[in-house]
Amino acid sequence: MCGIIGYVGKSNAVPVLLDGLRRLEYRGYDSSGLAVMNTGQPIQTRKREGRIENLRQLLQTSPVEGSCGLSHTRWATHGAPTDANAHPHLDRSGRLALVHNGVIENYLKIRNRLEAEGHVFLSQTDSEVLAHLIGKHYEARTDETPQQRLVGAVREALVQVAGTYGIVVMHTDAPDFLVGSRLGSPLVVGLGKGENFLASDVSAIVAHTSDAIYLRDRDLVCLTESDFKIETVDGGLANFEVSRVDFTPEQAEMGDFPHFMLKEIFEQPETVENVFRGRLVDEEASAKLGGLNLTPQQLRDVERIVLVGCGTASHAAMVGEYLIESLARIPTEVEIASEFRYRNSPLDKNTLIFVLSQSGETIDTLAALREGQRKGHPVLGIVNAVGSTIPRESDGGSYLHCGPEIGVAATKSFTSQVTMLALLGLLFGRMRHLSMAEGQEILREMRALPDKIRSILAQSEAIRQIALKYIDAPGMLFLGRQFNYPTALEGALKMKEISYIFASGHASAELKHGIIALVSEKLPSVFIAPKDSIYDKNVSNIEEVKARKGPVIVVTSEDATEMAEIADDTIYVPKTIECLNPILSVVPLQLLSYHFAVARGCDVDKPRNLAKSVTVE
């Protein structure tokens, strides 16, 4: 979850490192720090608890300068957020600095052994243990050049650790030289002109270069200002390719918006269109997804589909379950990635698995991918981040191409994932029983989505006024049926993530099975009730809440004008076919949670205790 950036070149590293940390702050903001060095000089470190601005202020009063450096923004695992626990960490000699993402699971055993040898630790972190372990091996290797000693020491240490890591290391004996390696935690090499970079996310370096190498697990890279070398940790040959970054620096900036979350909500007309652009086939009334790497016959042979994801991705997968079963009549089920990887789920021989992840690095989803492949099943990825681990390891899949999502609370990735799943439902459906006319209707409605989303976004101020009306609410219930039951879950997740109030999502009909006990005059219920085949059932549930004096906010279709007489507050969305409605109905819920949280003074882009990409268990 933490963020890493390393730099080696001719410029002062500090501005580059700070800019990279700013772009990576969504990955962790408990503390931050940097270390820099120049030839013949000791390593200089600066670390501060809290946001990166605290580190920036420290550097104004206590500046440092160097042409080689590394930095880190932390999401705490081992040890509280303190200056001492912030990265970088030094070895016993103080001449080696390390930043680390991941978890060293056997760090206590190693720490106890090192303490018995006289090592003294200044932090509670597992990462400092790794720094001391590498330093120990460096000191033991005396018949090599400093660069060879450092590479060898990193190799020896990594063989001894259990867990996950993305690390960058430097040593004063080897100036202008960085060593990096990864296992389960992303690390990317950025290739510049007279300068090179290492980062946990390409967004940290996109302002400096668009040439990147995404390291694989157990790769080890050596970096100077003019060259690089990539091998495996055990010294073998590594396979790699130089990729072009698929977004611009401007896309990773807020622009005129006050928060990344709001910017990304307003990007959804374009990002939804990006998903289906070039993938709709009018003459076949179907979809074309060439990256699946399966023949039409192999696709027709699929008898069961499993969709795997975490958090928002799992809610998108739930919509996908309804979509695929409705359009293609293929039994489909959703597995939470962390459960799938540990339970022995029976999988039929003709089962196809899809894993969903915005970042392509989610550790539980990646482990689920590997578990599915271990059992002999094809596993395909639905991922946004090009070049990330899941698309590299999967048997095929499709990219979302919705650009960088910086806000911790996922928004545009949800609607993009649901759009992709709709394409899959259409593709599988047209291979089976779905008629040409039904396929053509889906194509028409899909192409109309961007403009319909724009009409919802135009209601942002009206939705803000609704949020202000309920600003003192202790919590909210979110309720929906069929395709919009997962939408209710996603709406509740957005509200609790960024406003910190109690919020729970439920199937509307579950009201009478216990949920209605929570209804009160102070607790608003948000219903997603478009005018569809079960509209009347939703109205009955709304009346049940109103009969108990519970305030009701309804998201409904434009032609359901009678809802204004029933609900306390009504948000209208354009009509569409039932299977695509979640793409529209979720947008008001995103705006409602955003405006509610902002009014409560919450930092919507950096909610407490959360980080964007979950790369540790």
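Student: Is the crossing in which α14 passes α18 left-handed or right-handed?

Tutor: Two packed helices are described by the angle between their axes and the distance between the axes. In this predicted model, where local features need pLDDT of at least 70, side-chain atom pairs pLDDT 80 or more, and totals for chains, interfaces and linings use all residues, α14 passes α18 in a right-handed crossing (the near helix is turned clockwise from the far one by less than a right angle). Residues are numbered from 1 along each chain, and side-chain values use heavy atoms, without hydrogens or water.

Student: At what angle do helix α14 and helix α18 pack?

Tutor: Helix α14 (residues 436–457) and helix α18 (residues 581–599) pack at about 25°, with axes 10 Å apart, and are therefore roughly parallel (under 35 degrees). L449, K452, I453, I456 and L457 of α14 meet I583, L584, V587, P588 and L591 of α18 (heavy atoms within 4.5 Å).

Student: What is the strand order of the open sheet?

Tutor: Strands of a sheet pair through backbone hydrogen bonds, either parallel or antiparallel. Here five strands follow the order β18-β17-β19-β20-β21 with parallel pairing (at least two DSSP bridges per pair; strands are DSSP runs of at least two residues, helices of at least four). Three bridges join β20 (residues 379–383) to β21, and G381 has G397 of β21 as its bridge partner.

Student: Which strands does helix α9 lie across?

Tutor: Helix α9 (residues 312–328) lies across β17 (304–309), β18 and β19 (351–357), at about 170° to β18 (between N-to-C directions of lines fitted to C-alpha atoms, from 0 to 180 degrees). Helix α11 (residues 363–374) touches β17, β19 and β20, its direction making about 165° with that of β19.

Definitions and conventions. Angles under 35 degrees count as roughly parallel, over 145 as roughly antiparallel, 65 to 115 as roughly perpendicular and the rest as oblique.
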